[in-house]
Amino acid sequence: MNLENIAKNLAEIQEDIEKYSKKPEDVKLVVASKYVDSDGVKKIFDAGHKIMGENRIQSLKEKKENLSLEEKYNGVSWHFIGNLQKNKVKYIIDYIDMIHSVNKLSLAKEINKRAAAVSRVVDVLLEVNVGGEESKEGYTVQELLAELEELKKMENLNIKGLMTMAPFTENEEVVRECFRNLRKLKDRLNEDYFDGKLTELSMGMTNDYKIALEEGATIIRVGSKIFS
Ligand SMILES: *Cc1c(COP(=O)(O)O)cnc(C)c1O
């Protein structure tokens, strides 16, 4: 894995964003950095990309600490994209720029409380299991609707949109349907509850980000493709 390859892969993804999204200027790439260590993250940053997504607290802590030894790497913007346990929120609340995986009221409450304690308003996404798979994390639509009023009251959470992971399948139509349903859900929530305030759709990874872009993704989370 060298800097040249990383830069080439990042450029390719940027071209795909222009090609497949109807509003490419609204799309952000989050680099899923779980495949690399701190030096890998430094390479991505040096290749000109600053938003990283981590999915384990322990690795995030290590990388954050390691990178903070050099001034320039404080420019990294960290997103949390994995399943988040309540008792770990305190470790990231000071600096995390976005949490993509709010999937329970108890977790939302903890983030809200910890954010208030450090006088922050934290950007979050609500994770929805639109595919309805048993094994997946995320709200079902029913559960989400039941908790929405309470979620909206939390003053230190800035709910910016929705996140999903598509089912693991070769069937592109199933994947497309899942992304489309997430977009429809966002539109419906904007109408009925949020007055147009939800702007983000975090969907699409290495194997399906082109479909996600066609279906309106504003954030894609890509890992393997960048490091291959
Ligand atoms: C690893 C990961 C990704 C990126 O997956 P790739 O298929 O490697 O691009 C995206 N989202 C989450 C939550 C991940 O854990």
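## Ligand contacts

An oxygen atom of the ligand lies 2.6 Å from an N or O atom in the side chain of Asn55. Ser224 puts a polar side-chain atom 2.4 Å from an oxygen atom of the ligand. Gly223 contributes through its backbone: a polar atom there is 2.8 Å from a ligand oxygen. Taken alone, the ligand exposes 390 Å², and the protein buries 91% of that. These areas come from the Shrake-Rupley method with a 1.4 Å probe.

This is a predicted model: local features need pLDDT of at least 70, side-chain atom pairs count only at pLDDT 80 or more, and totals for chains, interfaces and linings use all residues. Residues are numbered from 1 along each chain as its sequence is written, and side-chain values use heavy atoms, with hydrogens and water left out.

## The shell and the pocket

Asn55, Gly223 and Ser224 are among the residues that surround the ligand. The shell divides into 6 nonpolar, 4 polar and 2 charged residues. In this scheme, Ala, Val, Leu, Ile, Met, Phe, Trp, Tyr, Cys and Pro count as nonpolar, Asp, Glu, Lys and Arg as charged, and the others, Gly among them, as polar.

The ligand takes up the space of the largest pocket. A pocket is an open set of points on a 1 Å grid over the protein atoms alone, where a 1.4 Å probe fits, with protein on both sides within 12 Å along at least five of seven lines. A molecule sits in a pocket if more than half of its atoms lie within 2 Å of its grid points.

## Two positive phi angles

Ser119 is not a glycine, yet has a positive phi of about 55°. Ser119 lies in the loop between α5 (105-117) and β5 (122-127). Helices (H or I, at least four residues) and strands (E, at least two) are DSSP runs, numbered from the N terminus. Ser119 is exposed, at 67% relative accessible area.

Asp195 also has a positive phi of about 55° without being a glycine. Its loop runs between α7 (172-194) and β7 (200-202). Asp195 is exposed too, with a relative accessible area of 75%.

## A buried histidine

His49 is in the loop between α2 (38-46) and β2 (51-54). Is His49 buried or exposed? His49 counts as buried because its relative accessibility is 13%. Buried means under 20% relative accessible area, exposed over 50%, and partly exposed in between (1.4 Å probe, protein chains only).

Conventions: A residue is near a molecule or strand if one of its heavy atoms lies within 4 Å of it. A polar contact is a pair of N or O atoms within 3.5 Å; within protein, one must be able to donate a hydrogen and the other to accept it, and residues adjacent in sequence count only if both atoms are side-chain atoms. On a 1 Å grid over the protein atoms alone, a cavity is a set of points where a 1.4 Å probe fits but cannot get out, and a pocket is an open set with protein on both sides within 12 Å along at least five of seven lines; lining residues have an atom within 4 Å of a point.
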